[in-house]
Amino acid sequence: MSLFNFGKKKEEVKEERCCSGVGNSLVSIKVLGAGCKSCHELYENTKEAVKNAGLSVEVEYITDMEKIMGYGVMSMPGLVVNEKVVSMGKVLKVAEVEKLLRELGY
């Protein structure tokens, strides 16, 4: 549980995650990475998940370290949905990205 969710019920936290998009419209997805194999793998898995979900959004691959640091990501790869970091430090499988997008309401 993050510091910002301290003291909140599990249901309240889930509601915040699900409804934190701009009117639940998917605007952007970014994979943050240094160009390593793991970062590329998350990028490909994310593109596949977006395609499988039938979403019409382009997945960006950000390698600029200054931009990555701006998101506060210290462990790569990172995944950003609508300017919110939703995962960092692990390579999500296609099914995991699909599940995450569903949980976020997309």
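**Labels and the rules behind them**

Guide: Gladly! Let's begin with a charged pair: Glu-44 and Lys-47 form a salt bridge, with their closest N and O atoms 3.5 Å apart.

Visitor: What makes Glu-44 and Lys-47 a salt bridge?

Guide: The term requires a side-chain nitrogen of Lys or Arg within 4 Å of a carboxyl oxygen of Asp or Glu. The closest N and O atoms of this pair are 3.5 Å apart, so the label applies. By this rule the count comes to 2 salt bridges. Before we go on, please note that this is a predicted model, where local features need pLDDT of at least 70 and side-chain atom pairs count only at pLDDT 80 or more, while totals for chains, interfaces and linings use all residues. Residues are numbered from 1 along each chain as its sequence is written, and side-chain values use heavy atoms, leaving out hydrogens and water.

Visitor: How far apart in helix 2 are Glu-44 and Lys-47?

Guide: They are 3 residues apart, which means a separation of about one helical turn. Helices here are DSSP runs of H or I with at least four residues, strands are runs of E with at least two, and both are numbered from the N terminus.

Visitor: Why are Glu-44 and Lys-47 called partly exposed?

Guide: Buried means under 20% relative accessible area and exposed means over 50%, with partly exposed in between (1.4 Å probe, protein chains only). Glu-44 has 43% and Lys-47 has 33%, so both values fall in the middle class.

Visitor: Which side chains meet in a salt bridge at 2.6 Å?

Guide: Those of Glu-83 and Lys-30 do, N to O. This pair links distant parts of the chain: Glu-83 lies in the loop between strand 3 and strand 4, Lys-30 in strand 1, 53 residues apart. Glu-83, at 45% relative accessibility, counts as partly exposed, whereas Lys-30, at 12%, counts as buried.

Visitor: How do you know that strand 1 and strand 3 are paired?

Guide: Two strands pair if DSSP finds at least two bridges between them. Strand 1 (residues 29-32) and strand 3 (residues 78-81) are joined by 4 bridges and run antiparallel, so they qualify.

Visitor: What makes the crossover from strand 1 to strand 2 right-handed?

Guide: The chain passes from strand 1 through helix 2 to strand 2, and this β-α-β crossover is right-handed. The term means that, with the strands pointing away from the viewer, the path from the first strand over the helix to the second runs clockwise.

Visitor: Why do strand 2 and strand 4 count as edges?

Guide: The 4 strands form an open sheet in the order 2-1-3-4, with mixed pairing. Strand 2 (59-62) and strand 4 (84-88) each have a single partner strand, so one side of each is left without a neighbour in the sheet.
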